Amino acid sequence: MTTDARTLDTGRRRVIHPLRPGLHPLWPVLATALWIATLGNLALWRALYQYGLLQGWNGFIFATGLGTALAALLVVLLGLLAWRRTLRPALVAVLVTSAMATHFMLGYGVVIDRAMLVNVAQTHAAEAADLMTPSLLLTVSMLGLLPAWWTWRIPIATRPWLGQLRHNLLAAGAAAAVAVLALLAVFQPLSSAVREHRPLRYMVNPLNTLVAAAQVVAAQLKAAPQPLRPLGRDAAVAPPSSAHRPPLLVLVLGETARADHFGLNGYALDTTPELAVLGVVSQRQARSCGTSTAASVPCMFSHMSRTEFDGATARHESLVDVLHHAGLAVLWLDNQAGCKGVCDRVPNVNTSKLGDNALCADGECRDEVMLSDLDARIASMPADRRARGIVLVMHQMGSHGPAYYKRYSAAFKRFGPECRSAALQDCSREEVVNAYDNTIAYTDHFLAATIHWLQVKSDQADTALLYVSDHGESLGEHNLYLHGLPYAMAPDTQKHVPWITWMSPGFALRTGVTRACLQQRLDEPVSHDHYFHSVLGLLDVQTQAYRPDRDFYRACRSP
Ligand SMILES: [Zn+2]
């Protein structure tokens, strides 16, 4: 074949081209396409099998048709990239991304969509290190690196560009025809399968990653020129007076906590013994705005509801900006990867890298680190703002997975045996749940310690704490782990979050919100839609941005 090509080309162009001998590029393209359509899509095939779509004679025809269509589509894609400088990088890229996606889809039940790619892009080094498990290395080596190494090693024949263009277009055209025929043959079962099982559309490697990447780029291009819209510039609170103490409100932004694993909410195990004796009120029906930190946090701190936020094209200032405009002293303490742009314009400090602290080890710190040096941090804020009131946001590391066992110290190993691996599929479900429950027990302790700190401050300020998690978590139900599924298809465990209120007697008196009233509304639906307006209401911030109908505490506040 190589010799033919050389004779043909040299004959036509009357130039002796130093053609590099080797396999026709179509062979590695075809081999890679077949590999990815089969082994590189193990997660897809497993899901189709579990949905009962591959059984029997019809299942065999469906699998053959779908496999053929997948391979043919890959030949179209790779065939167009079959140039000397692009072919090998393209083959390696699709093999390795498909292998990585397969690992996470098989192991954790996640799917690859735009939100997941954003999560990946915002993952910091410590989180990435948690995910580097032996099983990831094994899957990526066997499914990705091994065939990638083969495609890198084999000699591939190349020809002058015009001849190559003709070959590439011919291969892509023929493959497109095969893909169309194969898709037509399985169209009916395929379309009903995708309608019935929404996750399938995000499971086809490498199309899922390509589509998600294109969506991320398109969104960035669209969002790039958007200026930040001001919000609540009219915000004001009552001027400081010697007759009243200023408010001191701590907003704890929880991480990956699911409501149904809180003893306070009726969980079978007592994961929250410390909060239980502190007179807190725990709402039982709170729902999140997103299923990941990147989706939830900006939405939670925005004045918009989830649907408004999803449809919004403009960027706005956040709740902490409005509190700052009102003249309050605002400080954002972040013990995690950052505040996703929410706190950029107010004083903020990252506590996750305070390596010299007894609470820190292996590149991260226990959440209690946010309480160290807190008095000094507060004292450094402007006195006129402090006199009006103080709001501290504490962004927890909380129950961040999959390495739950790294989130708490030995003293909080209440439940065992615990999973001590980030490869959750290597542990039993019971071990995974035990490790997760220990993270909740530690959060219970952290919240109680914060309340104790506030109790000490209660003679100088009217103190209160509001704890709400950013999203929930899957712990092996239906073979799903972690979080981040598209909102419409995510199970309730990824959206059902704790929402806990503690108020000092002074704060209750100041706002008129009584525990007894909140206790009567334990099962009333509340969500991140209410967060912005509820906080403004609790602090009595006057602004046009405030919507009383979204203030959860309003019904309990005395006029
Ligand atoms: Zn999160």
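Predicted model: local features only at pLDDT ≥ 70, side-chain atom pairs only at ≥ 80, totals over all residues.
Strand 14 pairs with strand 3 (residues 281-287) in the parallel sense, and two bridges connect them. Within this pairing, arginine 287 has serine 527 of strand 14 as its bridge partner.

The protein chain has two parts, domain 1 (2-222) and domain 2 (231-556). Taken over C-alpha atoms, the centres of domain 1 and domain 2 are separated by 42 Å. To the contact, domain 1 gives 21 residues and domain 2 gives 23 residues.

On the side of domain 1 that touches domain 2, two or more residues each come from helix 5 (87-108), helix 6 (114-121), helix 7 (125-131) and helix 8 (134-153). By class, the residues on this side of domain 1 are ten nonpolar, seven polar and four charged.

## Helix 2 against helix 4

Packed helices can be described by two quantities, the angle between their axes and the distance between the axes. For helix 2 (residues 26-38) and helix 4 (residues 56-80), the angle is about 140 degrees and the axes are 8 Å apart. Helix 2 is therefore oblique to helix 4. The crossing of helix 2 past helix 4 is right-handed.

From helix 2, the contact takes Val29, Leu30, Thr32, Ala33, Leu34, Ile36, Ala37 and Thr38. Their counterparts in helix 4 are Gly67, Leu70, Ala71, Leu74, Val75, Leu78 and Gly79. Eleven of the residues in the contact of helix 2 with helix 4 are nonpolar and four are polar, with no charged residues.

## Helix 5 and its partners

Helix 5, one of the elements on the side of domain 1 that touches domain 2, also packs with helix 2, the axes coming within 11 Å and crossing at roughly 10 degrees. Helix 2 is therefore roughly parallel to helix 5. Pro28, Thr32 and Ile36 of helix 2 make this contact with Leu91, Val94, Leu95 and Ser98 of helix 5. The classes in the contact of helix 2 with helix 5 are five nonpolar, two polar and no charged residues.

Helix 3 (residues 42-50) is another partner of helix 5; their axes come within 8 Å and cross at roughly 35 degrees. In this pair, Leu42, Ala43 and Arg46 of helix 3 meet Thr102, Met105 and Leu106 of helix 5. Four residues of the contact of helix 3 with helix 5 are nonpolar, one is polar and one is charged.

## Backbone details in loops

Asparagine 205 and proline 206 are joined by a cis peptide bond with omega of about -5 degrees. Proline 206 sits in the loop between helix 10 (187-196) and helix 11 (207-223). Another cis peptide bond joins glycine 416 to proline 417, where omega is about 0 degrees. The loop that holds proline 417 runs between strand 9 (390-395) and helix 18.

Aspartate 373 has a phi near 55 degrees, a positive value in a residue other than glycine. Aspartate 373 is located in the loop between strand 8 (364-365) and helix 16 (374-379).

Terms used:
Residues numbered from 1 in each chain as written. Domains from an automatic or database assignment. Contact = placed C-beta atoms within 7 Å. Helix = DSSP H or I, 4+ residues; strand = E, 2+ residues; numbered from the N terminus. Nonpolar A, V, L, I, M, F, W, Y, C, P; charged D, E, K, R; others polar. Pairing = 2+ DSSP bridges. Axes fitted to C-alpha atoms, helices over the stretch in contact; angles between N-to-C directions. Parallel < 35°, antiparallel > 145°, perpendicular 65-115°, else oblique. Left-handed = near helix turned anticlockwise from the far one by under 90°.
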